[in-house]
Amino acid sequence: MADEGLAGADRRIVVVGAGISGLLLAAALKARGESVVVLEKSRGLGGRLATKRVGGAVFDQGAQYFTARQAPFRALVAVWRTRGAVTEWPAADTDRLIGMPSMNAVGRLLAEGLDVRRESQVVSVRREAGHWLLEIDNQAAMRAGRLVLTAPVPQSLALLRSGGVLLPDRLWLDLQALTYHPCLALLVTLGGPSAVPVEGLAPHAGPVRWLADNTKKGISAGAASAVTVHLEAEFSAAHYAGTEAELARLVLPVIEPWLGAPVLNVGLHRWKFSEPTTTYAEPYVWRAEIGLGLAGDGFGGPRVEGAALSALALADRMAETAHT
């Protein structure tokens, strides 16, 4: 398809991925006066800070909460709190934070004022005449002076590979070694109150990693309960292609003691790259000579805070090299 145009392309930064890393990075770069476009393949914002409505029930289907322990991230969260997008998990003696009115509120807040183009799936990136050329599914190609990939590392490497982009052998091997656990999330709607405690529950054995009642969290309203069930990594990998009905048959008997009410519906979401098994030795990758960066939880750590700190560190580094 036709190129979008070269006007400003030498200065434009394109960020691939509108998870917390991509949005924070874009906001930090824009605050420094940069021209930034964020491309996101899905309709949602915030990546795994995700929320889904099933009928009248509302589920935080990805990250259930996050913590803020380091000063730079605590400062960000303090701003989010003043904007009403974050509050404490409604249980005593916890440092958990949740989005309000649901977890995807954080992504929506971070996207304010940014040029975020949703449903824009990048299929290939390559170097051409000193610029980056991004091929986008069913859209015009886009040029950029600098490019940052914040998707899970295997997806980012696939984009580079498709465009024949070469990285130093050691770096490529190190990045290829970064793998992720999958996670299956069952979204269970009940006909009445559940027996899941308000603080959630992490069983010590079996296929279930985590149970949370979104109604008790204050995410979902009404008489029905909306329970998010995250399944263990090994079980998720073995049953990743399973249907809602198949997984319900395997999992519902296990969690029956915590349901407390009839099951009305079971939904399913597959997180292929839920959590990095290991992380890169540095909080980001930045190749100033070709204007290429990579950031995210595969670099900063497997939590929301780690992904955020990776983005902030890369933004600082890019600012240092912007005019060199």
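Over how many bridges do β8 and strand β9 pair? β8 and β9 (residues 131–136) pair in the antiparallel sense over 6 bridges. The model is predicted: local features need pLDDT of at least 70, side-chain atom pairs count only at pLDDT 80 or more, and totals for chains, interfaces and linings use all residues. Residues are numbered from 1 along each chain as its sequence is written.

**The sheet**
- Strands (E, at least two residues) and helices (H or I, at least four) are DSSP runs, numbered from the N terminus.
- Two strands pair if DSSP finds at least two bridges between them.
- The order β8-β9-β10 describes an open sheet of 3 strands with antiparallel pairing.
- β8 (122–128) and β10 (142–144) each have a single partner strand, so one side of each is left without a neighbour in the sheet.
- On average, neighbouring strands of this sheet are turned by 25° against each other, direction ignored.
- Within the pairing, arginine 126 is opposite leucine 133 in β9.

**The helix across the sheet**
- Helix α4 (residues 153–162) lies across β8 and β9 and runs at about 50° to β8.
- Axes are lines fitted to C-alpha atoms, for helices over the stretch in contact (heavy atoms within 4.5 Å); angles run from 0 to 180 degrees between N-to-C directions.

**Helices and a lining**
- α1 (20–31), α2 (71–82) and α3 (105–111) each supply at least two residues of the lining of the second largest pocket.
- A pocket is an open set of points on a 1 Å grid over the protein atoms alone, where a 1.4 Å probe fits, with protein on both sides within 12 Å along at least five of seven lines; lining residues have an atom within 4 Å of a point.
- α1 gives the most to this lining, with 4 residues.

Note on methods:
Side-chain values use heavy atoms; hydrogens and water are left out.
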